[in-house]
Amino acid sequence: MTKQAQNGTVVEMTEGVTNEGFQEDEEQETENVGRQEEQGVPSLVLSPNGEESAYTQIKPYAGMPKEVLLLYSNQARYRLPREILFWLFILSTLALVALTITVIAMSPRCLHWWQASAVYQIYPRSFKDSDNNGVGDLKGIREKLDHFEYLNIKAIWISPFYKSPMKDFGYDVEDFRDIDPLFGTMQDFDDLLSSMHDKGLKLIMDYIPNHTSDTHRWFQLSRNRTSGYEDFYIWTDCPGAIPPNNWVSIFGNSSWTYDEVRGQCYLHQFLKEQPDLNFRNPSVRKEMTDVIRFWLDKGVDGFRMDAVKHMLEAKHLRDEPQVDPNQPPETVDSEFELHHDYTTSQLGLHDILRDWRVEMDEYSREPGRYRFMVTESYDYEEVHKTMMYYGTEHVRESDFPFNFYLIDLPNRLSGEGVFDLVNLWMTNMPRGKWPNWVVGNHDKPRISSSAGPEYTRVINMLLLTLPGTPTTYYGEEIGMQNVNVTEIQDPFGKFNPNASRDPQRSPMQWNGDEYAGFSKNKTWLPIHPNYTTVNVEFQKSESGSVLQQYRALSLLRAQELALHRGWMCFLWRDRDVFAFVRELDGLSRAFLVVLNFGGPAVTDLSDVPELPAELTVRMGTGGREGQRLLKSRIDTRPGEGLVLEYSSHRRLHPGHASSCYVSEKACYLAALDILYKC
């Protein structure tokens with residue numbers, strides 16, 4: 001069948017369509033093929049029956065049909081390279097997947113934010129006053145967030161700011177879900193938290209589980225025997241308002257107070273305005289767990305659990321044994337005159353804390369939002385009780401309990417004394433757990449006053465070079481000292497003026513202006529007279545100041561793998577000097593830290609073959625950076641600290657296992673610049 005096109009071209013319709021405008025007719029095609037054969041040009045031959053198509057051609061050509069392409073693609077010279085490339089791709093992919101799995105499996109766990117940074121404690125009444133009423137507040141903290149970036153600090157613990165009648169400056173909570181107007185509003189808190197997170201800072205709140213204020217709604221309901229609240233607190237009969245036993249308060253005198261409304265005595269291990277909650281009551285546990293959830297839902301990054309050892313008491317209410325059996329019982333009125341066998345660390349305490357750990361772990365499932373938990377418990381010589389807060393090998397509890405033993409450093413001010421305090425924690429800490437170090441807080445005298453300002457720098461160097469997490473109480477980074485207080489504010493100080501905590505709670509010294517830049521009006525506690533030079537602004541501009549040294553140490557700790565996650569090996573101790581090494585397997589660079597807590601000394605370490613003959617001062621409390629010292633003659637002055645850098649592939653810990661510690665072992669692979677499990 002044919003059809004005449006408008007342009008005169010004839011199109012013939014067959015089984016297929018042949019457009020003669022683009023193809024030669026069969027006759028012309030035949031002539032061309034014949035001509036090509038005569039000239040030696042290869043031709044294409046197709047079997048007439050179409051059952052077995054086979055093209056023959058010397059070599060491929062551009063625009064060849066599919067049949068020709070398939071024919072040549074099966075030839076060995078084309079097939080083999082293609083298959084080789086294919087299998088190389090498969091093997092490379094498998095190798096890459098295997099390498100990725102191996103790297104993941106062999107990589108040590110990344111350090112959490114609370115391990116990578118020092119923790120900075122803020123006492124909110126004394127940090128920064130934004131409304132000039134003489135008392136610090138949340139807006140004031142927000143104004144000073146750049147200070148933490150300057151110090152390279154990522155974790156901030158803020159002491160209580162809950163709604164409170166302030167009988168114990170916030171540790172007597174009237175409402176766990178509200179902010180005291182003295183510190184601001186809930187919106188101020190939300191703004192502070194948001195600003196902190198924008199800067200990569202983490203907020204740790206104080207959580208006070210043991211007691212509430214006597215103005216708390218729960219206590220008012222309980223004293224009136226309201227259904228469901230009768231047993232929210234520890235009540236007992238006490239005829240004639242006589243205490244049922246000899247238990248004494250932390251603040252002194254009996255821990256029992258008679259309530260005329262209920263006609264019974266209630267227990268308070270702190271002030272009488274701080275009645276103890278009854279944690280044997282499931283409803284109390286639920287309410288306090290809901291408080292944790294409330295703040296975690298807001299985005300809080302962790303909690304410092306206050307006074308946890310007091311949370312449970314023995315139900316039998318027996319008298320506690322006296323430290324001095326011959327002391328007349330009626331004269332016992334302080335906590336150190338009794339053995340607290342029935343009011344602290346009772347069976348069931350750790351079950352409560354582990355339940356809270358589970359709650360916090362649920363919130364930690366969000367990527368990058370690990371929720372931190374630290375417990376506070378002064379156990380003094382019973383260090384084994386403190387270590388129980390780490391949990392067990394199979395059941396987690398706090399990430400670490402606060403280590404308060406270095407607070408005793410002023411009473412042990414020598415190389416051997418400091419070694420004993422550090423070694424006490426390291427030898428008792430469960431294997432693989434993370435240590436921490438504290439030299440001061442809102443309850444203890446400032447270390448610059450108790451140890452002496454000449455030791456401020458070396459103590460900061462100790463904190464920031466030991467393994468684990470250091471905690472810095474506000475003002476320690478500039479060497480603030482206790483202030484003389486004539487009008488006592490502290491309730492504990494009113495009971496015992498010699499134990500007042502006011503001196504260490506004076507306002508932060510920001511600059512040399514009146515009231516030290518803390519406020520523009522009279523402050524709630526006096527400013528220390530040395531504020532004109534011991535302040536942030538002055539020390540930022542003063543080369544080699546306490547503040548600049550603290551910042552340099554903080555940066556060094558973050559930069560050097562050996563310092564923030566390597567081995568620590570005790571190397572030397574005597575009357576004057578305490579020295580230890582920080583090293584990491586696979587990393588040639590290591591550090592010898594030499595700290596002088598006594599008199600002028602020359603330390604000879606020539607008997608330590610793992611150390612090279614010469615070492616370089618990387619950082620010193622009195623300068624000397626870049627100096628090269630012989631290991632046989634390392635000289636230090638009183639209160640001087642040196643971080644000495646050296647290069648060696650010989651490690652100390654294999655030959656000194658009994659004096660070396662590491663929490664999370666890792667090795668460094670220089671070829672790939674990675675850490676791996678070893």
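## Helices α14 and α17

In this predicted model, helix α14 covers residues 456-465 and helix α17 covers residues 546-559. Their axes come within 10 Å and cross at roughly 15°. An angle under 35 degrees counts as roughly parallel, so α14 is roughly parallel to α17. The crossing of α14 past α17 is right-handed.

On the α14 side, the contact is made by Thr 456, Arg 457, Asn 460, Met 461, Leu 464 and Thr 465. On the α17 side, the residues are Val 546, Gln 549, Tyr 550, Leu 553, Ser 554 and Arg 557. By class, the contact of α14 with α17 has five nonpolar, five polar and two charged residues.

Ser 543 sits in the loop between α16 (536-541) and α17. With a relative accessible area of 71%, Ser 543 is exposed, because the cut-off for exposed is over 50%. Ser 543 and Tyr 668 are 125 residues apart along the chain, and their C-alpha atoms are separated by 35 Å.

## Helix α9 and its two neighbours

Helix α9 (residues 282-298) has a contact with helix α10 (residues 349-363), where the axes come within 11 Å and cross at roughly 30°. This angle makes α9 roughly parallel to α10. α9 passes α10 in a right-handed crossing. From α9, the residues that meet α10 are Arg 285, Met 288, Thr 289, Ile 292, Arg 293, Leu 296 and Asp 297. Their partners in α10 are Asp 351, Ile 352, Asp 355, Trp 356, Glu 359, Met 360 and Tyr 363. The residues of this contact of α9 with α10 comprise seven nonpolar, one polar and six charged.

Helix α7 (residues 186-198) also has a contact with α9; the axes of α7 and α9 come within 11 Å and cross at roughly 55°. That angle makes α7 oblique to α9. Met 186, Phe 189, Asp 190 and Leu 193 of α7 meet Phe 294, Trp 295 and Lys 298 of α9. The contact of α7 with α9 has five nonpolar residues, no polar ones and two charged ones.

## Aromatic pairs

The whole structure contains 46 aromatic pairs. One of them joins Phe 86 and Trp 87, with ring centres 5.1 Å apart and planes at 75°. Planes over 60 degrees apart count as edge-to-face, so the pair of Phe 86 and Trp 87 is edge-to-face. Phe 86 is partly exposed, at a relative accessible area of 44%, while Trp 87 is exposed, at 51%.

Phe 127 and Phe 148 form a stacked pair, 5.9 Å centre to centre and with 10° between the planes. Phe 127 belongs to the loop between β4 (119-122) and α5 (138-143), and Phe 148 to helix α6 (residues 145-151), so the pair ties together parts that are 21 residues apart in sequence. Both Phe 127 and Phe 148 are buried.

## A ring cluster and Tyr 380

Ring pairs also link a set of residues into a cluster: Trp 113, Trp 114, Trp 157, Phe 336, Tyr 370, Phe 372, Tyr 378, Tyr 380, Phe 400, Phe 402 and Phe 404. Tyr 380, one of the cluster residues, is found in the loop between β13 (372-375) and α11 (383-387). Tyr 380 has a positive phi of about 55°, although it is not a glycine. At a relative accessible area of 35%, Tyr 380 is partly exposed.

Phe 169 also has a positive phi of about 55° without being a glycine. Phe 169 lies in the loop between β6 (162-163) and β7 (175-179). Phe 169 counts as buried, with 7% relative accessibility.

Thr 471 is placed in strand β16 (residues 469-473). Its relative accessibility is 1%, so Thr 471 counts as buried. Leaving out residues up to four places away in sequence, Thr 471 touches Val 119, Phe 402, Trp 437, Val 438, Leu 463 and Glu 476. Phe 402 is also among the residues of the ring cluster.

Ser 73 lies in helix α2 (residues 66-73). Its relative accessible area is 18%. Buried means under 20%, so Ser 73 is buried. With residues up to four places away in sequence not counted, Ser 73 touches Tyr 78, Arg 79 and Arg 82.

Notes. Residues are numbered from 1 along each chain as its sequence is written. This is a predicted model: local features need pLDDT of at least 70, side-chain atom pairs count only at pLDDT 80 or more; totals for chains, interfaces and linings use all residues. Side-chain values use heavy atoms; hydrogens and water are left out. Axes are lines fitted to C-alpha atoms, for helices over the stretch in contact, and angles run from 0 to 180 degrees between N-to-C directions. Helices (H or I, at least four residues) and strands (E, at least two) are DSSP runs, numbered from the N terminus. Angles under 35 degrees count as roughly parallel, over 145 as roughly antiparallel, 65 to 115 as roughly perpendicular and the rest as oblique. A crossing is left-handed if the near helix is turned anticlockwise from the far one by less than a right angle, and right-handed if clockwise. Contact means heavy atoms within 4.5 Å. Ala, Val, Leu, Ile, Met, Phe, Trp, Tyr, Cys and Pro count as nonpolar, Asp, Glu, Lys and Arg as charged, and the others, Gly among them, as polar. Rings of Phe, Tyr and Trp (its six-membered ring) pair if their centres lie within 6.5 Å; planes under 30 degrees apart count as stacked, over 60 as edge-to-face and the rest as tilted. Buried means under 20% relative accessible area, exposed over 50%, partly exposed in between (1.4 Å probe, protein chains only).
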